[in-house]
Structures are given as structure tokens and as C-alpha cells.
Amino acid sequence: MSSAGVGETAQWRAEVIQDFARSELFERTFQEGMELVEETAAYLDGAGRQDSKLLSRNAALAYAAESMRLTTRLMQVASWLLVQRAVREGHMAPTAACDASYRLGGETPASSQAEALPSPLSQLLERSERLYERVRHLDRRMYVEADDSQPTTSPVLAQMARLKDAFGG
């Protein structure tokens, strides 16, 4: 592929990333994510502590494991959203946001012991899973799948480049 094709692809992706970062969808997702992080922290530091003290030993272990999974999932989402905000505000180049270190990590399956968990924790887990899946979908569409499925250049641009090369233009 010519260096022009690589540059066009990078430019296309940078525009997609910037468009998303400036979108209403990003604003809503960012707001929802940050509110869920705050709500989760308030619950785990407050009522959740009391709820966990009322659980059986096995349920308390499940509570600890699920609260760790919940906070890890939310921190991954928050980190991803903060990268997008940094792009929007011009603190990070869109091409830098493409780095693999900013992709979401692998998600672990939900616990099978959810029925033993306090209802507020179960609700936070469910909401965080839905948010994570939406953000993972966005991440894959904008970054991961773009690497595999986006043509490096349009057929018209490829033909124009060949003509330019052939005629020394």
C-alpha cells in the first residue's frame, strides 16, 4: 500500500474518532458512565458495607468478588471515556487514542450467585454490564474493526493513485 493510502486511512480514522468525541452520543455515554461510577462508589462505601455484613459467609465472598468485578469494569469504561474526552478537548491526538493500551480489557462472565447478592449491588452489576457492552461495541467499531474491515483506501482513490504514479503526477 502506498504511503498516501496509509495517510488517508489514518486521517479517516482520526475524523471518525473526533466526530464521536464531539457527539451527543459521547456526551450521554460519558455522563452515564461517570454517574454510575459515583453511584457505585457511594453504595460500596455506604449502604453496601452494611448490606455485606448481613450476608452469609459464602454470599459475602460472592459480594466481595462481584464488587471487585464491578469496580474493575467501571474503571475500564471510565478510562476509555476519559481518553475520548481528552481527544475532544485536544489534549490527545486521535491517532494516540488508537493505541492498543486504550482498548477495553476482556470482560469476565457474570456471577452465577447473583441471587444471593443484595438487590442494589445486583442492579449496579446489571447496569454496568449494559454500559460496558455499549462501550465495547463503540470501541470495536471505532478502533478494532476499523483495523480489519476498513479498506485502506477507496477504489476510486486507489485508481487515482495508480494513474498519478503511471503519469508521474
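A residue counts as buried when its relative accessible area is under 20%, as exposed when over 50%, and as partly exposed in between (1.4 Å probe, protein chains only). By this rule F20 is buried, and F26 is buried too. The structure is a predicted model, in which local features need pLDDT of at least 70, side-chain atom pairs count only at pLDDT 80 or more, and totals for chains, interfaces and linings use all residues. Residues are numbered from 1 along each chain as its sequence is written, and side-chain values use heavy atoms, with hydrogens and water left out.

The overall fold comes next. The protein chain holds seven helices and zero strands. Helices (H or I, at least four residues) and strands (E, at least two) are DSSP runs, numbered from the N terminus. Along the sequence, the pattern reads α-α-α-α-α-α-α. Of the 169 residues in the protein chain, 32% are buried. A contact means heavy atoms within 4.5 Å. Among contacts between residues at least 6 apart in sequence, 82% join residues at least 24 apart. The accessible surface of the protein chain is about 10,200 Å², and carbon and sulfur atoms account for 55% of this surface. Accessible areas come from the Shrake-Rupley method with a 1.4 Å probe; for residues, only the protein chains shown count as cover.

Helix α4 spans residues 57-88 and has 32 residues. From its first C-alpha to its last, helix α4 reaches 46 Å, close to the 46 Å expected at 1.5 Å a residue. The expected span is 1.5 Å times one less than the number of residues. Just after α4, G90 takes a positive phi of about 80°.

Aromatic contacts were examined next. A pair of aromatic rings is described by the distance of the centres and the angle of the planes. Rings of Phe, Tyr and Trp (its six-membered ring) pair if their centres lie within 6.5 Å; planes under 30 degrees apart count as stacked, over 60 as edge-to-face and the rest as tilted. The count comes to three aromatic pairs. One of them joins F20 and F26 in an edge-to-face arrangement, at 5.7 Å centre to centre and with 75° between the planes. The rings of F20 and W80 also pair: their centres are 5.9 Å apart and their planes stand at 55°, so this pair is tilted. F20 belongs to helix α1 (residues 3-21) and W80 to helix α4, so the pair ties together parts that are 60 residues apart in sequence. F20 has a relative accessible area of 9% and is therefore buried. W80 is buried as well, at 1% relative accessibility. F20, F26, F30 and W80 form one aromatic cluster.

A ring also takes part in a contact with a charge. The charged end of R103 sits over the ring of Y143, 3.7 Å from its centre. The criterion is NZ of Lys or CZ of Arg within 6 Å of the ring centre and within 35 degrees of the ring normal.

Helix α2 (residues 24-45) contains T29. T29 is buried, with a relative accessible area of 5%. Leaving out residues up to four places away in sequence, T29 touches L81, L131 and V135.

Salt bridges were searched across the whole structure, and eleven were found. A salt bridge is a side-chain nitrogen of Lys or Arg within 4 Å of a carboxyl oxygen of Asp or Glu. An α-helix has 3.6 residues a turn, so residues three or four places apart point the same way. In helix α2, E24 and R28 lie four residues apart, about one turn of the helix. Their side chains meet in a salt bridge at 3.1 Å, N to O. E24 is exposed at 57% relative accessibility, whereas R28 is partly exposed at 47%.

Helix α6 (residues 119-149) holds E126 and R130, which are four residues apart and thus separated by about one helical turn. Their side chains form a salt bridge at 2.8 Å, N to O. E126 is partly exposed at 47% relative accessibility, and R130 is partly exposed at 44%. R136 forms a salt bridge with E133, with the closest N and O atoms 2.8 Å apart. R136 and E133 are three residues apart in helix α6, about one helical turn. E133 is partly exposed, at 36% relative accessibility. Elsewhere, E27, R88 and E89 are linked in a network of salt bridges.
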